[in-house]
Amino acid sequence: MTNPNNTTVEEEIEHYQLLSLDRPCQHCKALELDDVGLGGVIKHRKDRERLVDFGEVQETHAKRKGTNFASRAVMAGLGKLDDDMLETWPRLELKLDYKREDIFPDLPSLASTGSQGCVFCKILSGDVISVWNKIRKDSNRELDSGDKEKVHQAKLVVTGMTYQLYEVPHDNQDDEIVGNHSKRISLDSLYVFFSINQGSSKADYSLHYNIHADAADPCASWFQIWRKPLSNDPLSPPSITRLNALIAKSLLEVPEPLGNTYYPTRLLDVGSSACPTLRLIISAEHPALGKGEANSVGERYAALSYCWGPKDEADKQLTTTLSTIQNHISQIEFSNLPQTVADAVQVCRTLGIRYLWVDALCIVQNDKDDWAREAFEMANVYANSFITLCILQGSSCTSGFLERPHSPETLRINFRSNLDPSISGKLYLRMLHPPGENLKDSRFSSMRGLTGDGSDEPAKLDLGNAAWSNRGWTFQEAQLSPRKLFYGPLMFHISCGKLQESADGSKFDESDFFLQGEPKFSDVLNNWYSLVTIYGNRALSYELDRFPALSAFPRTILKNFPDQQYLAGLWQSDLHWGLLWTPYAWTDLKTYLEHPKEGYIAPSWSWARHPYGLVWVRGSVLGLYVFSPEFELRRADIVTEPMNPYGRVLSGTLELDAKIFQLPLSRGGGKVIEIPYPERRWLNVIFHYALLSAKDEYIASFHLDWITLGEKKRPEDSMDLEQLWMVLISRSSLNNIHNHWKPSEDRHVTNPEIMLGLLLQPTEKENEFVKVGLWYSETRELGGSKFWDDIPRRPVKLV
């Protein structure tokens, strides 16, 4: 019996936009790839499988890897800065004998050979014309009206073609080649190099086509091709076969937990492809649920992670409200769904997943208590889903994701080896991006010029360009989901445990920050600060959601570490370090201290008050430096919404027993100066200012939260500095676990110990303050611990 996972393009040819190079013109015969003529020899892998090897070349490092300042610095460190020094490398370029000329805008030469049956000429002509139209459009923007006609008169010169190979890591030891390179060399792409001549101006460009092969085709092992053919339709049989294979692979990586019976409060029952019902169900009242385990095939549910989009689009999407919930329990019209949700329903039906969780429909949107209660349940909703559909395509609920913005044709090339005629098969060439995005321009080329810096990475591109990757709510949804299915403009990708693989077989890396394995709480804290630093830069439609959109994390942490205390984004056990944060800000103090128009978000001492561009003193990795508390936390009073103790914060107060000191400026006891740049010490935060005594003796260094670029703006322009107070929070050292501070290298400092704390401004209430900055004091002159020896502790309230 045939394994359905090993079906080939030829068996499902109707699902591919396929053109076969059966009648190549005299120019395009070179594409048929003569492995003898290109210098190939037969090699063997350790498992005795044969492959073709194209030998080695002598090249300088600069030519091989490209050159820029960073690469030259690396080479200098390796003692290899000699630009003329030759090294031996695996051969990565197979140059083809292909040159021709043509005339824009119609390219009559390519059109002629295309009409005679050369399908590559037809494809190339369409792609080059598409690029030409883009270049012409861009040029018209830059030219005066009298010169615009000139860009319509241009000459195309195809200067060459190259089959490009790339080094890829071995999947296992059997991949290694006996007596050859340490890396696997894979046939990756076909590059077309051309210039466009417009009068006296000339520019060089390239387009490239990725090379695919069926896994069972001899071409795949002969050329070490890992990329699998792609159908443009994500719901076509070959696409679904590939998707099911990846899901099966993910279940080997992270099996479904046994005995799981969790279901969200509400779910969409999407029916099936044969019986496409659609309605909202109450899980506890649904007879089909709860008879078995939640992860049994018939009772699995998927979760949807997507962008609602701008308010005008989000407001139009179908939601469940107090007035519509009963109607939705009876039936939901499929035609009323926003396109992204409708596409998710189709995916679930195709995969045989009966239930789907969508926040807009499974939470009563105008019921504050239900919203808070369900936000509290987010950790369970995503952690217990069979799979989470993460929608990278588009930026709103109306975008959809099953219709691809780019549906290229695939070129089939028949191959028979001249080295070993028993090796024959088919190569498939397909352009990943639309031509305008695929184009490389010599005027703006990367380190390696017109061939780029490596193989295309579709997942990196889809994730990096997605609005989804910049939204606040999607962060915890992705981090908590055991199995993620990303739908991007280029293709789908799956991430589960150590498995990160795209539809075309390419691998990618996706960072997980959260509770992998059985971590210690110190590991959790390390991840926490990295996590909130990234999360702080993500956008929310409503800033009031800053804590709710993160609330699943503290809930999960406290489930594993119930003896810890969560304090509005910080943790009681390391408050002496967690308080030492600062944002990127460029404003005046009055504006900085104002709450957003929406209302109260967080107290001044919590990073959530100003979450953008967060940094912590000494960085976000604990353990490199030791911090010791210099205060006592007498009381923490954090008032949150009743249904979610980790959600919206209504007020937050820390009552400390700490040493505090008011700047003595009004008493003539000191002054604040800007520190000369060479004298500033880098503690992952730049301290621009120093407090000096009346005799110009050093006391401490300051960083003002509202002025990141301190030297551009005088602090006295936005406040009366004599209002500032210093509160002592912790002590640390200039030493860390890797580097030992040496007095001989620090002529001013006599001891590595440093003291750290917050700069505060008083409110109108006695002993009550808001955080407005950071300070540290090193052991020199009046600075260091001795400054605080005679200062008694007193009550300090931070709000």
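Visitor: Where does Ser236 lie in the chain?

Guide: Helices and strands are DSSP runs, numbered from the N terminus, where a helix (H or I) has at least four residues and a strand (E) at least two. Ser236 lies in the loop between α5 (218-222) and α6 (237-253). This is a predicted model, in which local features need pLDDT of at least 70, side-chain atom pairs count only at pLDDT 80 or more, and totals for chains, interfaces and linings use all residues. Residues are numbered from 1 along each chain as its sequence is written, while side-chain values use heavy atoms, with hydrogens and water left out.

Visitor: Is Ser236 buried or exposed, and which residues does Ser236 touch?

Guide: A residue is called buried under 20% relative accessible area, exposed over 50% and partly exposed in between, with a 1.4 Å probe and protein chains only. Ser236 has a relative accessible area of 2%, so it is buried. Contact (heavy atoms within 4.5 Å) joins Ser236 to His15 and Ser231, when residues up to four places away in sequence are not counted. The side chains of Ser236 and Ser231 also make a polar contact, at 2.9 Å. Such a contact is a pair of N or O atoms within 3.5 Å; within protein, one must be able to donate a hydrogen and the other to accept it, and residues adjacent in sequence count only if both atoms are side-chain atoms.

Visitor: Which residues of α6 are buried, and what covers them?

Guide: In α6, the buried residues are Pro238, Ser239, Ile240, Thr241, Arg242, Leu243, Leu246, Ile247 and Ser250. Their cover includes α9, β15, β19, β20 (492-496) and β21 (499-502). The expected span of a helix is 1.5 Å times one less than its number of residues; α6, with 17 residues, reaches 24 Å from its first C-alpha to its last, close to the 24 Å expected.

Visitor: How many residues of α9 are buried?

Guide: Ten of the 13 residues of α9 are buried, so this helix is largely enclosed by the rest of the structure. Those buried residues, which include Ala344, Val345 and Cys348, pack against α6, β13 (301-305), β14 (355-357), α10 (359-362), β15 (387-391) and β19 (484-487).

Visitor: Which residues touch the most other members of the largest nonpolar core?

Guide: In soluble globular proteins, nonpolar side chains tend to be buried together. A nonpolar core is a set of buried Ala, Val, Leu, Ile, Met, Phe, Trp, Tyr and Cys residues joined through side-chain atoms within 4.5 Å. The largest one here has 155 residues, of which Leu356, Trp528, Trp607 and Met726 touch the most other members. Helix α16 (residues 521-536) gives the most to this core, with eight residues. Apart from it lies another core, of 57 residues, among them Leu38, Val52, Ile196 and Ala213.

Visitor: How many aromatic pairs are there?

Guide: Rings of Phe, Tyr and Trp (its six-membered ring) pair if their centres lie within 6.5 Å, and planes under 30 degrees apart count as stacked, over 60 as edge-to-face and the rest as tilted. By this rule there are 31 aromatic pairs. The rings of Trp775 and Trp788 are stacked, because their centres are 5.3 Å apart and their planes stand at 20 degrees. Trp775 belongs to strand β34 (residues 768-779), whereas Trp788 is in the loop between β34 and β35 (793-798). Both Trp775 and Trp788 are buried. Elsewhere, ring pairs link Phe376, Phe521, Trp528, Phe561, Tyr566, Trp571 and Tyr646 into a cluster.
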